[in-house]
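Me: I'd like to learn how to read a model like this one, feature by feature. Can we go through it together?

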Amino acid sequence: CVKRGIPVIHGDLNSNLDYLQNGSFDCVLLTRVLQELTNPEAVLQEVVRIGNRGLVGFINFGHILNRMQLAFAGRMPRNVALPHEWYNTPNIHLGTIQDFRDLCSRSNIEIIRSFPVGRDRSFLAAQLPNLFAYACIFEIRSNEALTDCVYKMVLSGDTSDITNCGQFVNIQLEGMYLRRPISICDWDDSS
């Protein structure tokens with residue numbers, strides 16, 4: 001990344017990230033580290049604060065093979081994704097895809113989309129990811145509550161018709177419009 005001029009910050013995610021400004025990055029990437037963090041919820045809040053969006057990938061402890069190892073062998077799962085014994089693993093917060101969805105909901109983090117990772121783009125992993133995806137990647141962003149029932153949204157698209165703050169616009173999604181227009185408080189050329 002550095003050779004290509006892409007800014008990279010190397011540090012301890014378990015420490016405070018307050019030295020980074022809001023919206024400092026287009027995208028913040030966390031790959032297979034969430035389960036190793038002391039406070040994953042706080043780190044996810046920092047991800048959506050410092051980045052316009054985040055990509056978060058993690059091991060799905062709810063995968064059927066993990067469940068079977070627990071149920072039938074009576075032991076903590078060991079496999080390619082979880083290669084360590086229970087007593088020397090760096091993983092301290094194992095969770096499932098549904099656990100992550102619940103955490104995002106409680107933390108006002110919007111899940112834009114998810115990419116379940118299964119064997120050979122498995123149909124079952126796509127349809128029942130909590131059971132058949134051995135990992136998952138989520139694209140997330142802040143869903144900040146400003147007041148009761150009022151949320152900050154960052155949208156991207158054609159902003160050429162926006163002329164001033166307070167203007168109301170209709171939002172179109174795949175051939176349909178939202179029922180009510182929304183008020184614009186700030187915009188730029190892309191959002």
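Me: Leaving aside neighbours within four places in sequence, which residues is Asn-52 in contact with?

Reply: First, the ground rules. This is a predicted model, where local features need pLDDT of at least 70 and side-chain atom pairs count only at pLDDT 80 or more, while totals for chains, interfaces and linings use all residues. Residues are numbered from 1 along each chain as its sequence is written, and side-chain values use heavy atoms, with hydrogens and water left out. Contact means heavy atoms within 4.5 Å. With neighbours up to four places away set aside, Asn-52 is in contact with Gly-23, Phe-25, Asp-26 and Arg-141. Asn-52 sits in strand E2, and its C-alpha is 8.0 Å from that of Val-28, 24 residues apart in sequence.

Me: Is Asn-52 buried, exposed or partly exposed?

Reply: Buried means under 20% relative accessible area, exposed over 50%, and partly exposed in between (1.4 Å probe, protein chains only). Asn-52 counts as partly exposed because its relative accessibility is 48%. Across the protein, 27% of the 191 residues count as buried.

Me: What does the secondary structure come to?

Reply: Helices (H or I, at least four residues) and strands (E, at least two) are DSSP runs, numbered from the N terminus. Here that comes to five helices and 10 strands.

Me: Which strands does E4 pair with, and how do they run?

Reply: Two strands pair if DSSP finds at least two bridges between them. E4 (residues 135-142) is joined to E2 (residues 51-59) by six bridges, and the two run antiparallel. E3 (residues 109-117) is joined to E4 by eight bridges, also antiparallel.

Me: What covers the buried residues of H1?

Reply: The cover includes E1, E2, H3, E3 and E4. The buried residues of H1 are Pro-40, Val-43, Leu-44, Glu-46, Val-47, Val-48 and Ile-50.

Me: How much space lies in the second largest pocket?

Reply: The general idea goes like this: rolling a probe the size of a water molecule over the atoms shows where empty space is left. On a 1 Å grid over the protein atoms alone, a cavity is a set of points where a 1.4 Å probe fits but cannot get out, and a pocket is an open set with protein on both sides within 12 Å along at least five of seven lines; lining residues have an atom within 4 Å of a point. Grid points are joined across faces, edges and corners, and the volume is the space filled by probe spheres set on them. For the second largest pocket, that space is about 670 Å³. It is lined by 24 residues, and the closest to its centre are Val-8, Ile-9, His-10, Val-28 and Leu-29. Strand E1 (25-31) and helix H1 (40-50) are the elements that give two or more residues to this lining, with E1 giving the most, seven residues.

Me: What is that lining like by class?

Reply: Ala, Val, Leu, Ile, Met, Phe, Trp, Tyr, Cys and Pro count as nonpolar, Asp, Glu, Lys and Arg as charged, and the others, Gly among them, as polar. The lining of the second largest pocket has 19 nonpolar, three polar and two charged residues.

Me: How many disulfides does the structure hold?

Reply: A disulfide is a covalent bond between the sulfur atoms of two cysteines. In practice the test is a pair of cysteine sulfur atoms within 2.5 Å, and the structure holds zero disulfides.
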